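Please study the sequence and the structure before reading each solution.

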Amino acid sequence: MPDAAPPPSAKAPMLELQKKAIHGMVDAFNAHDEKALAAFYAPNAVVRSPSSDGFKEETGREPIEKGHAGLFRQFPDVKVGTQVVYASGNVAIWTWITGGTDSVGGANGPATKRQFGFYGASVLTIGADGLVTEDHTYFNVLAMVGQLGKLPKGMGVYSVTSVPEKEYWWRETKGSDTEKKSLETVKNVHAALARGDDKTFLAL
């Protein structure tokens, strides 16, 4: 069972805080412990993520607990694994893969017994106490829907991707001009998506 206690004290270096938080979040997710997972977020954390109705924004730990509890019920073997984490200052871009089997079913119908696996990314802002204050998560909702056989006939279906099990890579910015330019582009893309600015997003 993962430790639900908050990450290290404010005296710890930011990179250490980021590693503690993301390692802990992965462990809590894979243990299907929604309370331990939510404990890595600040009480007033803002989480933005895609849904069937577009991007939604939620605040606090309660939605995190509720949403993941439902996910763990419907997909009892769901896991998450990390590809790469890019760290710069108090921001960590966490790229991950999740997957499992629809062996229970839910609000959208009975169990399909099908497997799913897809890529995603979370842009995490970490506070000085090591807690996540903002989480902007991105993934293609249709990837899982298609893999579970719930897309209209004729629509393309993404290949199922397996969840990595081995240790993952961390990349910390060194402050070079190239890195600064790339980070600024990512921030601008992120901002354009958040405000629904199609023209700026496409220009980037």
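A salt bridge is a side-chain nitrogen of Lys or Arg within 4 Å of a carboxyl oxygen of Asp or Glu. The model used here is predicted.

**Exercise 1.** Show that Arg 195 and Asp 197 form a salt bridge, and state how accessible each residue is.

Solution. Step 1: the closest N and O atoms of Arg 195 and Asp 197 are 3.3 Å apart, and the limit is 4 Å. Step 2: Arg 195 has a relative accessible area of 52% and is therefore exposed, since exposed means over 50%. Step 3: Asp 197, at 22%, is partly exposed.

**Exercise 2.** Which parts of the chain does the salt bridge between Lys 35 and Glu 65 tie together?

Solution. Step 1: the side chains of Lys 35 and Glu 65 meet at 3.1 Å, N to O. Step 2: Lys 35 belongs to helix H2 (residues 34-38) and Glu 65 to helix H3 (residues 61-74), so the bridge links parts that are 30 residues apart in sequence. Step 3: Lys 35 is exposed, at 53%, whereas Glu 65 is partly exposed, at 23%.

**Exercise 3.** Find the network to which Arg 48 and Glu 57 belong.

Solution. Step 1: Glu 57 forms a salt bridge with Arg 48, with the closest N and O atoms 2.7 Å apart. Step 2: salt bridges that share partners join Arg 48, Glu 57 and Glu 134 into one network. Step 3: the count of salt bridges in the model comes to 4.

**Exercise 4.** Describe the nonpolar surface patch that contains Leu 142.

Solution. Step 1: Leu 142, Met 155 and Tyr 158 form this patch, with about 300 Å² of accessible area together. Step 2: Leu 142 lies in helix H4 (residues 141-147) and is partly exposed, at 40% relative accessible area.

Key
Residues are numbered from 1 along each chain as its sequence is written. This is a predicted model: local features need pLDDT of at least 70, side-chain atom pairs count only at pLDDT 80 or more; totals for chains, interfaces and linings use all residues. Side-chain values use heavy atoms; hydrogens and water are left out. Patches are made of residues with over 30% relative accessible area and no salt bridge: like charges are joined within 9 Å, nonpolar side chains (Val, Leu, Ile, Met, Phe, Trp, Tyr) within 5 Å. Accessible areas come from the Shrake-Rupley method with a 1.4 Å probe; for residues, only the protein chains shown count as cover. Helices (H or I, at least four residues) and strands (E, at least two) are DSSP runs, numbered from the N terminus. Buried means under 20% relative accessible area, exposed over 50%, partly exposed in between (1.4 Å probe, protein chains only).
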